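The sequence and model come first, and the points follow by topic.

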Amino acid sequence: MTDTLQKFMFENTAVRGELVDVSETWKHVQARREYPAAVKTILGEMLSAAALLSANLKFNGAIVMQIHGDGPLRLLVVECDSDLNMRATAKLADSAVIADDTTLTQLVNQNGSGRFVITLDPKDKLPGQQAYQGIVPLDGESVATVIENYMMRSEQLDTRLWLAADGNVSRGLLLQKLPGEGGIKSASGEEMEPWDRSVMLASTLRTEELLSTDIETVMRRLFWEEDIRIFDPKHPHFLCSCTREKVGSMLKMLGQAEVETALEEMGKLAIDCDFCGQHYEFDPVDCAQLFVSEAPVETLIPASPSKH
């Protein structure tokens, strides 16, 4: 099976939509690490949401979605680039015990200090250009609601999401009302009617139906009476962008003194990628060369044997 992202538009309206199935990518993510059922639901939903939002990136780069928590789940990260390469990971608190029915609030916002972060990171940055980052309080009881509130607050775009994930499936539906002429949002009754109708139809979709039904069938069931333009599908997939060079650059950012202190304690530095499990090792010679040469890290010392 191939993961699929299907974009569509309601003809003669300012409403667009997307359906996505990233179940195979989701299985690759889970093959690297075992998560409690409640965490699988949230991380799997974020995976579909990231694919849906990244489908309209206007630059060559990536969207990174993060939830920083103050409960037993400390961090969730999903990354998707403009080619729909995807990766995801989650970090739990030490000795965390998470019941299957634990809610998003209980997992990451127990004390109201949870944060939702979206980063837009261009690959080919212009001189002085930085990644754009939006940080907002965790406003919502579900991943879908958190993102909807973010999009309205930060982008002024009416956006609705329906997301579903379990241990095997990750799927989602997005509807969005496009801005009027000149980028000005209009709320006239004539323009709102198609938006309200599309949201009403999509709201009949239940989580169980989204989990058990392929996206082509979902589209037919929901919008069979609508005049819809369907675009060529795209195909998300799992791909981790970690390299030995990037790990070396991270060590250089820590500074030579801190790296040397760590080497004195451990003899060598071992780093495992949180996303894919790739194993990197840097011995004292490797680390010394990081700070005396401008050559790319990958050309200095052959990569140590890796494992997943």
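S3 (61–68) and S4 (73–81) pair in the antiparallel sense over seven bridges; two strands count as paired if DSSP finds at least two bridges between them. Helices (H or I, at least four residues) and strands (E, at least two) are DSSP runs, numbered from the N terminus. The model is predicted: local features need pLDDT of at least 70, side-chain atom pairs count only at pLDDT 80 or more, and totals for chains, interfaces and linings use all residues. Residues are numbered from 1 along each chain as its sequence is written, and side-chain values use heavy atoms, with hydrogens and water left out.

**The six-stranded sheet**

- Gln66 has Val77 in S4 as its bridge partner.
- The open sheet has six strands in the order S7-S6-S3-S4-S5-S11, with mixed pairing.
- Strand S7 (132–137) and strand S11 (237–238) are at the edges with a single partner strand each, so one side of each is left without a neighbour in the sheet.
- Pro72 is found in the loop between S3 and S4.
- At 18% relative accessibility Pro72 counts as buried, where buried means under 20% relative accessible area, exposed over 50% and partly exposed in between (1.4 Å probe, protein chains only).
- From C-alpha to C-alpha, Pro72 and Asn109 are 9.5 Å apart in space, and they are 37 residues apart in sequence.

**Other strand pairs**

- S1 (residues 4–10) has six of its seven residues buried, so this strand is largely enclosed by the rest of the structure.
- S1 and S2 run antiparallel and are joined by six bridges, with Met9 opposite Arg16 in S2.
- Four residues lie between S1 and S2 in their hairpin, and Asn12 in the turn has a positive phi of about 60 degrees.
- S1 also pairs with strand S10 (residues 228–230), in the antiparallel sense over three bridges; there Arg229 in S10 is the bridge partner of Met9.
- Strand S13 (residues 279–282) is joined to S12 by four bridges, and the two run antiparallel.
- Ile271 stands opposite Tyr280 in S13.
- The hairpin of S12 and S13 has six residues between the strands, and Gly277 in the turn takes a positive phi of about 85 degrees.

- The largest pocket holds about 1,000 Å³ of space.
- On a 1 Å grid over the protein atoms alone, a pocket is an open set of points where a 1.4 Å probe fits, with protein on both sides within 12 Å along at least five of seven lines; lining residues have an atom within 4 Å of a point.
- Grid points are joined across faces, edges and corners, and the volume is the space filled by probe spheres set on the points.
- Of the 28 residues that line the largest pocket, Glu79, Arg87, Asp121, Ser241 and Lys246 are the closest to its centre.
- Elements that give two or more residues to this lining include strand S5 (85–92), strand S6 (115–122), helix H8 (244–254) and strand S12 (269–272).
- H8 gives the most to the lining, with five residues.
- The lining divides into 13 nonpolar, five polar and 10 charged residues (Ala, Val, Leu, Ile, Met, Phe, Trp, Tyr, Cys and Pro count as nonpolar, Asp, Glu, Lys and Arg as charged, and the others, Gly among them, as polar).
- In H8 the buried residues are Arg244, Val247, Gly248 and Leu251.
- Down the axis of H8 these buried residues fall within an arc of 100 degrees, so they line one face of the helix; the arc is that of the directions from the helix axis to the C-beta atoms.

**Salt bridges**

- The whole structure has 15 salt bridges, each a side-chain nitrogen of Lys or Arg within 4 Å of a carboxyl oxygen of Asp or Glu.
- Arg171 forms a salt bridge with Asp21, with the closest N and O atoms 2.9 Å apart.
- Arg171 is in strand S9 (residues 170–177) and Asp21 in strand S2 (residues 15–21), so this pair links distant parts of the chain, 150 residues apart.
- Arg171 and Asp21 are both buried.
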